[in-house]
Amino acid sequence: MRLSRSVLAASALAALSLGATTALASPASAAPNTTPQKVCGSAYKTVNSAAVGSLGTVYLTYNAANGENCVATIRTNPGTRLDMSAWIYVTDTDENAQDAGRFTSYAGPVYVYGKGHCVDWGGSINNVYVQVYGSNCGSLKEHRVTFTR
């Protein structure tokens, strides 16, 4: 069954509203110099990013050796635990991953196989949400949405 973009977004928001955590890695905490490569792995290169207001950035990275994408949401100023999320969805394969909870520095990493596929991805910090649809599809233009709840 394929998830529609609105269903995926609603699920991510619902998880955040309920304070749910889907942990795919150890609890997020890091020094202020955290980078996407430190979170996802040194083989992952940043291929896209989106500002989460002034609070931080969501990074989409890619590992050419294994065809995997990784998403991490990294705060500009780590500190007190805040609601944060990172998610990714491959429409063609219906593969998705998410991490949501209260973190001091970053949410994620979340991984999916994405070689040759468009990806939808995003994240949030506190009450600022970023969603990017149809990303990294060659000549197709992605669609970005940022909103505050």
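## Nonpolar cores

The largest nonpolar core of this predicted model holds 20 residues. A nonpolar core here is a set of buried Ala, Val, Leu, Ile, Met, Phe, Trp, Tyr and Cys residues joined through side-chain atoms within 4.5 Å; buried means under 20% relative accessible area, exposed over 50%, and partly exposed in between (1.4 Å probe, protein chains only). The residues with the most contacts inside this core are V52, L60, V71, I88, V110, V119 and W121.

At least two core residues come from each of β1 (45–52), β2 (56–63), β4, β5, β6, β7 and β8. Strand β4 gives the largest share, 4 residues. Another core, of 7 residues, lies apart from it and includes V39, C40, C70 and Y106. Strands (E, at least two residues) are DSSP runs numbered from the N terminus.

## Backbone exceptions

Most residues other than glycine have a negative phi, and most peptide bonds are trans. D94, in the loop between β4 (82–90) and β5 (95–103), has a positive phi near 60 degrees. Its relative accessible area is 24%, so D94 counts as partly exposed.

N126 also has a positive phi, near 60 degrees, and sits in the loop between β7 (119–125) and β8 (128–135). N126 is partly exposed at 38% relative accessibility. The peptide bond from G108 to P109 is cis, with omega near 5 degrees; P109 belongs to strand β6 (residues 106–113).

## Basis of the values

Residues are numbered from 1 along each chain as its sequence is written, and side-chain values use heavy atoms, with hydrogens and water left out. Because the model is predicted, local features need pLDDT of at least 70 and side-chain atom pairs count only at pLDDT 80 or more, while totals for chains, interfaces and linings use all residues.
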